[in-house]
Amino acid sequence: FWPENTVTETEKGHLVMLFRVDRSGFLWRSDSFDGGNAWSRPFVSDIPNPSNKPQLLKTEDGRVVLLNTPRGGYGLEARFPLEIWISEDGMKTWKKKIRLSDFPGAYSYANGFIEGNVLYAAFEFNRHDVYFARVDLDEDK
């Protein structure tokens with residue numbers, strides 16, 4: 001069990017937490033509707049993940065951004081591609097998906113921040129290289 005949770009506020013007082021659970025093939029989720037005082041029982045989401053750390057971020061205009069390796073399975077060989085998913089409806093749907101990198105290998109520990117509508121991210125590749133990326137989230141909008 002490797003929780004490595006990530007949390008964002010989708011609307012005032014509604015927090016969503018995603019985390020990994022080894023060998024489940026999906027991210028798990030818990031919700032709080034009182035600003036984080038109480039949380040729902042964790043449940044499996046419909047977001048594929050090979051037991052890899054995700055990250056949730058939020059843009060200034062309220063969109064939720066997910067950095068993830070959206071592939072089921074388990075192990076380092078399943079940790080690609082690395083994608084950016086964008087939700088405009090509080091994580092009900094992910095209408096925009098940007099493939100950050102799909103070179104076969106193991107992407108791990110993707111982490112970033114958003115400034116304006118630009119995502120700056122760093123991620124580990126194959127346990128020995130670190131890459132940096134700058135992505136305009138409004139490209140092709």
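Student: How many helices and strands are there in the protein?

Tutor: In this predicted model, the protein has eleven strands and zero helices. Its radius of gyration is 14 Å, close to the 14 Å that the globule rule gives for 141 residues, so the protein is as compact as a globular protein of that length.

Student: What percentage of the residues count as buried?

Tutor: Of the 141 residues, 49% count as buried. The accessible surface comes to about 7,600 Å², and 52% of that area belongs to carbon and sulfur atoms.

Student: Why is strand E2 described as largely enclosed by the rest of the structure?

Tutor: Buried means under 20% relative accessible area. Seven of the seven residues of E2, residues 14-20, are buried, so the strand is largely enclosed by the rest of the structure.

Student: Which residues of E2 point one way, and which the other?

Tutor: In a regular strand the side chains alternate between the two faces of the sheet. In E2, His14, Val16, Leu18 and Arg20 point one way, while Leu15, Met17 and Phe19 point the other way; all are buried.

Student: Which residues are the bridge partners of Thr6 and Arg20?

Tutor: Strand E1, residues 6-11, runs antiparallel to E2 and is joined to E2 by five bridges; within this pairing, Thr6 has Leu18 as its partner. E2 also pairs with E3, residues 26-32, in the antiparallel sense over six bridges, and there the partner of Arg20 is Leu27.

Student: Where do positive phi values occur in the two hairpins?

Tutor: The hairpin of E1 and E2 has two residues between the strands, and Gly13 takes a positive phi near 85°. The hairpin of E2 and E3 has five residues between the strands, with Arg23 at a positive phi near 65°.

Note on methods: Residues numbered from 1 in each chain as written. Predicted model: local features only at pLDDT ≥ 70, side-chain atom pairs only at ≥ 80, totals over all residues. Heavy atoms only, no water. Helix = DSSP H or I, 4+ residues; strand = E, 2+ residues; numbered from the N terminus. Rg over C-alpha atoms; globule rule 2.2 N^0.38 Å. Buried < 20%, exposed > 50% of the residue type's maximum accessible area, 1.4 Å probe, protein only. Areas by Shrake-Rupley, 256 points an atom, 1.4 Å probe, with all protein chains shown as cover. Pairing = 2+ DSSP bridges.
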